[in-house]
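Here is my notebook from an afternoon with one protein model. Have the picture open while you read along.

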Amino acid sequence: MADSSTQSIVIGASPDRVAAVICDFTRYPEWTEAMRRAEVVEEYEDGYASQVRFTIDAGVMADEYVLAYEYSEDLTRIEWHLVAPSKMQRSQRGSYDLVGNPDGTTTVTYTLEVELSVGMLGMFRRKAEKMIMDTALKQLKLRVEESGAVR
């Protein structure tokens with residue numbers, strides 16, 4: 001059974017700028033430590049990725065999987081799910097929710113639900129999820145703010 005975890009972070013950029021970095025999947029290996037490869041395998045008519053193949057290597061966890069993406073019209077919600085089970089995952093669902101703040105920053109809320117194919121004690125799984133989410137949000141914040149985002 002998959003548990004859902006949620007974390008938020010404030011990024012010094014507009015929701016549009018944050019969404020642009022999130023949606024630029026092929027550049028993930030440039031700023032996401034465990035990401036070795038990201039390849040858009042299918043696109044919607046508007047050019048946004050509908051399916052992306054990821055190859056990750058985080059030492060003890062290496063995997064290749066395909067995620068299917070859906071977007072709200074204004075890109076304030078980007079959600080995904082695992083297309084088919086992978087070596088390490090039975091299922092994965094997630095989302096980014098972007099809320100613009102009056103000071104020009106964006107609050108990004110990341111929700112992730114993963115069911116692993118390998119057994120892991122609950123407390124270790126929760127600790128790993130927290131670390132993965134915390135790292136992902138911090139790396140996203142760094143990438144957006146380093147890429148010339150202006151308040």
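Entry 1: Is Tyr-48 buried, partly exposed or exposed? I looked up its relative accessible area and found 29%, so Tyr-48 is partly exposed. On this scale, buried means under 20% relative accessible area, exposed means over 50%, and partly exposed lies in between, with a 1.4 Å probe and protein chains only.

**Entry 2: ground rules.** I noted that this is a predicted model, where local features need pLDDT of at least 70 and side-chain atom pairs count only at pLDDT 80 or more, while totals for chains, interfaces and linings use all residues. Residues are numbered from 1 along each chain as its sequence is written, and side-chain values use heavy atoms, with hydrogens and water left out.

**Entry 3: confidence.** I checked pLDDT, the predictor's confidence in each residue, from 0 to 100. The protein has a mean of 88, and 86% of its residues reach 70 or more. Confidence is highest in strand S5, at 98, and lowest in helix H3 (residues 122-146), at a mean of 78. Helices (H or I, at least four residues) and strands (E, at least two) are DSSP runs, numbered from the N terminus.

**Entry 4: rings.** I found 13 aromatic pairs in the structure. Rings of Phe, Tyr and Trp (its six-membered ring) pair if their centres lie within 6.5 Å; planes under 30 degrees apart count as stacked, over 60 as edge-to-face and the rest as tilted. Tyr-48 and Tyr-71 make a tilted pair, with 5.3 Å centre to centre and 45° between the planes. This pair links distant parts of the chain, 23 residues apart: Tyr-48 sits in the loop between S2 (35-43) and S3 (49-57), and Tyr-71 in S4 (residues 62-71). Both tyrosines belong to a cluster linked by ring pairs, which also includes Phe-54, Tyr-69 and Trp-80.

**Entry 5: Phe-54.** I then listed contacts (heavy atoms within 4.5 Å). Leaving out residues up to four places away in sequence, Phe-54 touches, among others, Phe-25, Met-35, Asp-63 and Tyr-69.

**Entry 6: strand S5.** Which residues lie on the covered face of S5 (residues 77-82)? I found Ile-78, Trp-80 and Leu-82 there, with Arg-77, Glu-79 and His-81 on the uncovered face. Strands pair if DSSP finds at least two bridges between them. S4 and S5 run antiparallel, joined by five bridges, and five bridges also join S5 to S6 (residues 89-100), again antiparallel. His-81 has Ala-68 as a bridge partner, and in S6 its partner is Arg-93. Last, I saw that the hairpin from S5 to S6 passes through six residues.
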